[in-house]
Amino acid sequence: MKANDVRAMTPDQLEDELAKLKKEQFNLRFQKATGQLENTSRVRVVRRDIARIQTVLRDKRATANA
């Protein structure tokens, strides 16, 4: 997910995407613990996407309150 794509989303869309990514992160951690994880690089991508969305959400909230 590109930063420009994330910035184009509304805060509600960002919240939905964040919830979806956190659920995926949980599933990936569960797969890793049980030894079923095949695509190990997906863990890193999901973690970075979560951070990217949280950063943009924080920026949007700060500009809305300012």
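Modeller: From the N terminus on, the elements of the protein chain run α-α-α. Helices (H or I, at least four residues) and strands (E, at least two) are DSSP runs, numbered from the N terminus. This is a predicted model, in which local features need pLDDT of at least 70, side-chain atom pairs count only at pLDDT 80 or more, and totals for chains, interfaces and linings use all residues. Residues are numbered from 1 along each chain as its sequence is written, and side-chain values use heavy atoms, with hydrogens and water left out.

Colleague: How many helices and strands does the protein chain have?

Modeller: There are 3 helices and 0 strands. The radius of gyration of the protein chain is 14 Å, well over the 11 Å that the globule rule gives for 66 residues, so the chain is more spread out than a compact globule. That radius is taken over C-alpha atoms, and the rule is 2.2 Å times the number of residues to the power 0.38. Along the principal axes, the C-alpha atoms fill a box of roughly 45 × 15 × 15 Å.

Colleague: What span is expected of helix H2, and what does it reach?

Modeller: The expected span of a helix is 1.5 Å times one less than its number of residues. Helix H2 (residues 11–34) has 24 residues and reaches 35 Å from its first C-alpha to its last, close to the expected 34 Å. Just after H2, Gly35 takes a positive phi of about 80°.

Colleague: Which residues of H2 are buried?

Modeller: Buried means under 20% relative accessible area, exposed over 50%, and partly exposed in between (1.4 Å probe, protein chains only). In H2 the buried residues are Leu14, Glu17, Leu18, Leu21 and Leu28. They pack against helix H1 (3–8) and helix H3 (41–65). Of the 66 residues of the protein chain, 21% count as buried.

Colleague: Is Asp49 buried or exposed?

Modeller: Asp49, found in helix H3, counts as buried because its relative accessibility is 5%. A contact means heavy atoms within 4.5 Å. Not counting residues up to four places away in sequence, Asp49 touches Met1 and Leu21.

Colleague: Why does Ala64 count as exposed?

Modeller: Ala64 counts as exposed because its relative accessibility is 62%. Ala64 is also found in helix H3. From C-alpha to C-alpha, Ala64 and Ile53 are 16 Å apart in space, and they are 11 residues apart in sequence.
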